[in-house]
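This report concerns aromatic contacts and strand pairing in a protein model. Please consult the sequence and the structure shown here alongside the text.

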Amino acid sequence: MGTHRLSFDFDQEIERNGTACVKFDGRAGYFGTADVTPLWVADMDFAAPPAVTAALAARAAHPVYGYTLYPDSAYEAVIDWMQQRHGWRIEREWIVMCPGVVPTLYAAVQAFVATGEGVIVQPPVYFPFFSAVTDTGRRLIENPLKLEGVHYCFDFDHFEQCAANGAKLLLLCSPHNPVGRVWQRDELAQLLAIARRYNVVVLSDEIHADLVYSGQSHTPLATLAEATDRVITAVAPSKTFNIPGLGLSCLIAPEPELRHAVQQVFGSLHVSASNPFSLVAFEAAYHSGAPWLDALMGYLKTTHDDVVAYCAEHLVGIRPIPAQGTYLLWLDCRELGMTDTQLRTFFVQQAQVGMNPGQVFGQGGSGFMRLNLASPRHVIMAALGRIRDALNRPAKS
């Protein structure tokens, strides 16, 4: 790159209607109307890195789309990325290719927890964390995060009680969706020490690891682990490079027993993660996507800061929880004095903005909304303007 910074057009609006995308084409089914700006599903409205698009086009030009192996280059791509981006040296044999992080959550629950045994989740959290437990007949143990000032924190004392209550597995979200925390080394070390004490397996979902704002640093949990710790990590290029529809992810587990247990679950279902397009996108993103990602994070940080400032000035009763990572912003709307049903109605029908209601993220989510910042900035600011107008509109008598 030399001294020249590559530029990418994140202000460009790309027409997504009619592409069978959940975020746009699923609006009417989710909100009851398509007449909302969709700021909900956690994908981005930005074009993927040019290197990814070029790699996909080149592969599509070959007219045979057959069964596909995982080439050495795919493993090398993720190994190099983890070393260069996170200072984490991993070995090829630690890597298991998987059909997505959510399927990996389900597989881990089935691999390490017997029916009726306990799994710890830390709400408010991404809703598949709950369903991975309840759908498979395991016992849900909630260790809610604590909102202290402008950030969420772990409740370590309660976590230890949960671990002592027979929990076999912790599903950790790091960085955290939806509250935007990038957990610090000392926090993760304390959490890991408790898990070690009670022999709890930890699956660390680090799908947002690359989406960290300036001044913050993501610490892979596994880099803090001792020899006896039971830690597995789920990563993917999907959120980082806006290719979630392609599905391919990785599970990273130094301990053979742990990775083999997950492999057996996937094997029992005869589920493969490989297809010609997911593989070439995976490699191209990790090999060539860094300049795009750096530019993206600068753009998102400006959007984040503009939204926080706008809320403070214009949206009385809506308090953003400043994010340290992800492209999601957790909005505290409790001062509006509305029920969750009223909040949803207000944003959809009066402001015409479609966000995820907080209660779907479990305990502690009532009165909150999750805003997806990953759209052209003018789209986000226009949506905020409609929220302002709706708040200022006289109530109907």
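## Basis of the values

The model is predicted: local features need pLDDT of at least 70 and side-chain atom pairs count only at pLDDT 80 or more, whereas totals for chains, interfaces and linings use all residues. Residues are numbered from 1 along each chain as its sequence is written, and side-chain values use heavy atoms, with hydrogens and water left out.

## Aromatic pairs

Rings of Phe, Tyr and Trp (for Trp, the six-membered ring) are paired if their centres lie within 6.5 Å; planes under 30 degrees apart count as stacked, over 60 as edge-to-face and the rest as tilted. The count under this rule is 21 aromatic pairs. One of them is the tilted pair of Phe-127 and Phe-361, with 5.8 Å from centre to centre and 50° between the planes. Phe-127 belongs to the loop between strand E3 (118–121) and helix H6 (128–134), and Phe-361 to the loop between strand E14 (356–357) and strand E15 (368–372), so the pair ties together parts 234 residues apart in sequence. Helices (H or I, at least four residues) and strands (E, at least two) are DSSP runs, numbered from the N terminus.

Accessibility is classed as buried under 20% relative accessible area, exposed over 50% and partly exposed in between (1.4 Å probe, protein chains only). Phe-127 is therefore partly exposed at 36%, while Phe-361 is buried at 0%. Phe-241 and Trp-292 also form a tilted pair, because their ring centres are 6.2 Å apart and their planes stand at 35°. This pair links helix H9 (residues 238–241), which holds Phe-241, to helix H12 (residues 290–314), which holds Trp-292, across 51 residues. Phe-241 is buried at 0%, and Trp-292 is buried at 3%. Both residues belong to one aromatic cluster, together with Phe-8, Phe-10, Phe-46, Trp-81, Phe-282, Tyr-286 and Tyr-299.

## Charges over rings

A charge sits over a ring if NZ of Lys or CZ of Arg is within 6 Å of the ring centre and within 35 degrees of the ring normal. Arg-377 lies over the face of Tyr-299, 4.1 Å from the ring centre. The charged end of Arg-92 sits over the ring of Tyr-75, at 4.1 Å from its centre.

Two strands pair if DSSP finds at least two bridges between them. Four strands make up an open, antiparallel sheet in the order E11-E12-E15-E14. Strand E11 (319–321) and E14 are the edges, each with a single partner strand, so one side of each has no neighbour in the sheet. Strand E12 (residues 328–332) runs antiparallel to E15 and is joined to E15 by five bridges. The bridge partner of Leu-329 in E15 is Leu-371.
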